[in-house]
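Student: I have a new model open and want to learn how to read it. Where do I begin?

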Amino acid sequence: TTIYNYTRLGYYLRKAAKGDLYAQRLAGVLALIVLASCVFGKVAVASLRQRKKEKELYCEILLSHKGRNKRASALLDTGNHLKEPVSRKPVILMDIADAGELLDKSTEDVVREFYKTGTLKEAGERIRMVPYHSVGKNYGMLAAVFLEQVQVQMENETVELSNVCTGFTEGPVSASKNYQVIFNIELLSDRRKVGDVGTCVRVGE
């Protein structure tokens, strides 16, 4: 109705109804333009909504351990329910190839050797075993280490998590390499909203 009343389309439609051939042709053209605009508008809105949704699925994080730091992109995964069996804490995942910036060389070598041989040798720091299930494989074990701190940069706040159990995978966690960490969303379930934008919230201390 709005398009009919506030564009020339209504005028030419009335002329066309009276048999004006020129008005009929022009009304057809204008109708196609209006239709194309409506379709384009819906596609644009859907695209913006999809981008917003995808943006909400990712965040930037800073992993810190024994004086070492690593920045990474993380996927906020609602389907990741892995827990360390003793502490029952949620587990995040990252490729062992990306762990060199966080782990000492001996610990990294022990983890790599475990995946090659299935045997866990003694390491400089305690390595936890996390059982998991995956598609095509009934069960398996992940080598994991508790990292001292992980900072999660959310849209309006930074969340600091301590003693985060991090499981190391044999290969990339993202085939497209859009992210380097699969972040267990359960780690954020206890965070508290404090203050305004830019607030730093500490969890797990």
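Tutor: Begin with the definition of the elements. Helices and strands are DSSP runs, numbered from the N terminus; a helix needs at least four residues, a strand at least two. Keep in mind that this is a predicted model.

Student: How many helices and strands does the protein chain have?

Tutor: The protein chain has four helices and eight strands. Along the sequence they run α-α-α-β-β-β-α-β-β-β-β-β.

Student: What share of the residues is buried?

Tutor: Buried means under 20% relative accessible area. Of the 205 residues in the protein chain, 38% are buried. Look at contacts too. Among those with a separation of 6 or more, 57% join residues 24 or more positions apart.

Student: Which residues of helix 4 are buried?

Tutor: First the general idea. An α-helix has 3.6 residues a turn, so residues three or four places apart point the same way. Now the case here. The buried residues of helix 4 are T107, E108, V110, V111, F114 and Y115. They cover an arc of only 160 degrees around the axis, so they sit on the same side of helix 4. The face turned away from that side carries the exposed residues K105 and K116.

Student: What follows helix 4?

Tutor: G118 does, and its phi is positive, near 80 degrees.

Student: Where does E84 lie, and is it buried or exposed?

Tutor: E84 lies in the loop between strand 2 (68-77) and strand 3. At 1% relative accessibility, E84 counts as buried. Its side chain forms a salt bridge with that of R128, at 3.5 Å from N to O. R128 is in strand 4 (residues 128-134), so the pair ties together parts that are 44 residues apart in sequence. Both partners are buried.

Student: What else does E84 reach or touch?

Tutor: The E84 side chain reaches the backbone nitrogen of S87 at 2.6 Å. Leaving out residues up to four places away in sequence, E84 touches K89, V91, R128, V130, F146 and C165.

Student: How do I read a buried charge such as D104, which has no salt bridge?

Tutor: Find the nearest opposite charge, then the polar partners. D104 is in the loop between strand 3 (91-95) and helix 4. The nearest side chain of opposite charge is K66, 5.0 Å away. The D104 side chain makes a polar contact with the side chain of S106 at 2.5 Å. A polar atom of the D104 side chain also lies 2.8 Å from the backbone nitrogen of T107. Beyond four places in sequence, D104 touches R68 and E125.

Student: One last residue. Where is L188, and what does it touch?

Tutor: L188 is in the loop between strand 7 (181-184) and strand 8 (199-203). Its relative accessible area is 4%, so L188 is buried. Setting aside residues up to four places away in sequence, L188 touches L76, V152, M154, V159, L161 and F183. Take V159 from that list: it is 29 residues from L188 along the chain, yet their C-alpha atoms are separated by 8.1 Å.

Terms used. Residues are numbered from 1 along each chain as its sequence is written. This is a predicted model: local features need pLDDT of at least 70, side-chain atom pairs count only at pLDDT 80 or more; totals for chains, interfaces and linings use all residues. Side-chain values use heavy atoms; hydrogens and water are left out. Buried means under 20% relative accessible area, exposed over 50%, partly exposed in between (1.4 Å probe, protein chains only). Contact means heavy atoms within 4.5 Å. The arc is that of the directions from the helix axis to the C-beta atoms. Lys and Arg count as positive and Asp and Glu as negative; His and the chain ends are not counted. A salt bridge is a side-chain nitrogen of Lys or Arg within 4 Å of a carboxyl oxygen of Asp or Glu. A polar contact is a pair of N or O atoms within 3.5 Å; within protein, one must be able to donate a hydrogen and the other to accept it, and residues adjacent in sequence count only if both atoms are side-chain atoms.
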